[in-house]
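Thanks for coming, everyone. Please have the sequence and the model open while I talk, and follow along as I go from one part to the next.

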Amino acid sequence: MGHGLCADLVSAWVGAGVEMVLDERVRAEFFRIAETRFRANAQQLALAEDFFGEACIMAPAAQAPVPGIPDPDDAWIIAAALDAKAEGFVTGDKALLDLGQHEGMPILSPRAAYQRLRGLV
């Protein structure tokens, strides 16, 4: 796994037994960004695939996007999280973070999620 806050957050979630949920859209976006922005090689991508298979729950695709989300692609991801009854949604997307929550589900930055997990807020 990588280094930094997000890696620490995921490690802490795994250690705490937190169920991490993602849908195919999030998974696909992860791999697209890992390849194009971070230039991940085939071995690194295979490790990520193994991690997702072992540590994450794949949520079914949402049947419809939720209203009130600025980016139509994000509306589908938020819908999948709500359908999965996620207790929170962690993102670095400023437009989503500005919402603060949607239908009672908190939308948190990685830092806020880490601080919440550690009882710092």
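In this predicted model, let us begin with helix α2, residues 24-36, and helix α3, residues 42-55, which pack with their axes 11 Å apart and at an angle of about 160 degrees. Angles over 145 degrees count as roughly antiparallel, and α2 and α3 are therefore roughly antiparallel to each other. Their crossing, if you turn the model to look at it, is right-handed.

Which residues make the contact between these two helices? From α2 there are R27, F30, F31, A34 and E35, and from α3 there are L45, A48, E49 and F52. Sorted by class, this contact of α2 with α3 has six nonpolar and three charged residues, with no polar residues.

Now please move along to the sheet, which is open and has three strands in the order β3-β5-β4, with mixed pairing. The strands at the edges are β3, residues 89-90, and β4, residues 101-102, and each has a single partner strand, so one side of each is left without a neighbour in the sheet. As a reminder, strands of a sheet pair through backbone hydrogen bonds, and they do this either parallel or antiparallel. In the case of β3 and strand β5, residues 105-108, the pairing is in the parallel sense and extends over two bridges. If you look for F89, you will find that I107 in β5 stands opposite.

Finally, there is helix α4, residues 72-83, which lies across β3, β4 and β5, and which runs at about 130 degrees to β5.

How values were computed
Residues are numbered from 1 along each chain as its sequence is written. This is a predicted model: local features need pLDDT of at least 70, side-chain atom pairs count only at pLDDT 80 or more; totals for chains, interfaces and linings use all residues. Side-chain values use heavy atoms; hydrogens and water are left out. Axes are lines fitted to C-alpha atoms, for helices over the stretch in contact, and angles run from 0 to 180 degrees between N-to-C directions. Helices (H or I, at least four residues) and strands (E, at least two) are DSSP runs, numbered from the N terminus. Angles under 35 degrees count as roughly parallel, over 145 as roughly antiparallel, 65 to 115 as roughly perpendicular and the rest as oblique. A crossing is left-handed if the near helix is turned anticlockwise from the far one by less than a right angle, and right-handed if clockwise. Contact means heavy atoms within 4.5 Å. Ala, Val, Leu, Ile, Met, Phe, Trp, Tyr, Cys and Pro count as nonpolar, Asp, Glu, Lys and Arg as charged, and the others, Gly among them, as polar. Two strands pair if DSSP finds at least two bridges between them.
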